[in-house]
Amino acid sequence: MKATANGLEGVVAAETALSDVRGDEGVLVIAGADVEALGESASFEAATARLFTAAGLATTEAQVKERLAAARVRVARRLSAPVAANGMDALRAALATLSETDTELETAFELLAATSVATAQWYRRARGEPVLAPDPSLAHAADLHRMMTGAHDPLAARGLERYLVTVCDHGMNASTFAARVVASTGSDAVSAVVAAIGALKGPLHGGAPGPVLDMLDAIGTPERAEAWIDGEIAAGRRIMGMGHRVYKTRDPRAAVLEAATKALGKDSPRLTLARAVEGVARKALKAKYPDRSLDVNVEFYTAVLLDAVGIDRAAFSPMFACGRTAGWLAHVAEQRRTGRLIRPASTYVGAEAGCP
Ligand code: ACO
């Protein structure tokens, strides 16, 4: 009997040209660029063009800008995100109403546009605010920020853009794997993205940043961090925003998002608090698990950055989907070109045939 790879840890399920997560070194390369360089200077359109092109959907930054803007306007007429209590439920329901278009690339632009448009529709409806139509003259991140907050704030929009770029792809994470499994059966890109949204929703994956902000609120001041964290660990609860399946170091995206928060230039007591809590949590987890490397992950500073650009914590997971959809779509395209049906095996541990 073969050993069971519980959680598929360490199992290599695909070859990809999209991103390389080097967990021992704390390095992330996205389609040939370090995440630090992309997060510092790339537009969301440039990051998307890089991913799509690497996956065989050749395009340029200028084409993405034009066609993604047009797609936002088109899908806004067709979509209507429900006022669900959970934004991921609304996103999943709204995107499920779409169908593939004539070409793979156009479908990709529509799905990428739809994630942002549906998130903003849900967010504003849930807050009792009027839904804002897309403005195709704006870059994608600036338009998303405006559709969410109603504000024209280039600095905050750039902060959001740095977030979207930083999280646009990340190896064979659970939601990307879900998208690739669906694509591997020959199913459509809409179904693959809807499946990925379902996987991203969980607190062990994309559902962590809202709880990170709840944690920072509950701690309140740096002096209270140690007692609070120790109490959580003693109670057997997980510290949100800490630990990662692949990284055995500090997640490199944390530094990018921390720097993006700092670049907003505001006096941020929350950033100071977050840094203090990170240090305390790392130390406490090291004491409890001396053989593990439980360090800060991307979700920790996601919470601080998205809060600082004026987005409510209820929308943190949908915002993650807005960035990661670029990666999901690239993986769907790559899976179609290079992959096989994904169909692992299982070890049967049930009753033998004939047992009552
Ligand atoms: N706080 C406390 N204990 C932890 C934490 C944490 N943040 N992370 C792992 N552990 C402990 C587990 O309780 C477990 O202990 P046990 O062996 O005594 O039961 C041990 O470390 C191993 O945990 P696993 O869940 O098996 O390890 P895995 O590799 O699956 O963990 C994960 C990765 C799910 C991210 C985990 O670290 C975690 O739950 N973190 C908190 C949630 C979070 O931040 N999620 C976002 C991840 S980043 C992303 O997906 C974008």
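In which helix is Leu213 found?

1. The structure is a predicted model. The domain assignment divides the protein chain into domain 1, made up of 19-203 + 314-338, and domain 2, covering 209-308. Taken over C-alpha atoms, the centres of domain 1 and domain 2 lie 25 Å apart. Domain 1 contributes 25 residues to the contact, and domain 2 contributes 25 residues.

2. About 1,900 Å² is buried between domain 1 and domain 2, and carbon and sulfur atoms account for 74% of it. On the domain 1 side, Arg162, Tyr163 and Phe316 provide 32% of the area buried against domain 2, more than any other three residues.

3. Three residue pairs, with both residues at pLDDT 80 or more, are in polar contact between domain 1 and domain 2.

4. Several elements of domain 1 each supply at least two residues to the side that touches domain 2: strand S1 (19-22), strand S2 (27-30), helix H1 (35-41), helix H7 (154-166) and helix H15 (316-338). The largest share, seven residues, comes from H7. Sorted by class, this side of domain 1 has 13 nonpolar, six polar and six charged residues.

5. To return to the opening question, Leu213 is found in helix H10, which spans residues 209-219. Leu213 counts as buried because its relative accessibility is 0%, and the cut-off for that class is under 20% relative accessible area. Setting aside residues up to four places away in sequence, Leu213 touches Arg270, Ala303, Asp307, Arg313 and Phe316. One of these, Phe316, is also among the three residues named for the area that domain 1 buries against domain 2. The C-alpha atoms of Leu213 and Glu299 are separated by 9.9 Å, although the two residues are 86 residues apart along the chain.

6. Is Glu110 buried or exposed? Glu110 lies in helix H5, residues 104-126. With a relative accessible area of 5%, Glu110 is buried, since the class requires a value under 20%. The side chain of Glu110 makes a polar contact with the side chain of Arg74, at 2.8 Å. Apart from residues up to four places away in sequence, Glu110 touches Ala71, Arg74, Val75, Arg78 and Thr101.

Conventions. Residues numbered from 1 in each chain as written. Predicted model: local features only at pLDDT ≥ 70, side-chain atom pairs only at ≥ 80, totals over all residues. Heavy atoms only, no water. Domains from an automatic or database assignment. Contact = heavy atoms within 4.5 Å. Buried area = accessible area lost by both parts, 1.4 Å probe. Polar contact = N/O pair within 3.5 Å; in protein donor to acceptor, adjacent residues only side chain to side chain. Helix = DSSP H or I, 4+ residues; strand = E, 2+ residues; numbered from the N terminus. Nonpolar A, V, L, I, M, F, W, Y, C, P; charged D, E, K, R; others polar. Buried < 20%, exposed > 50% of the residue type's maximum accessible area, 1.4 Å probe, protein only.
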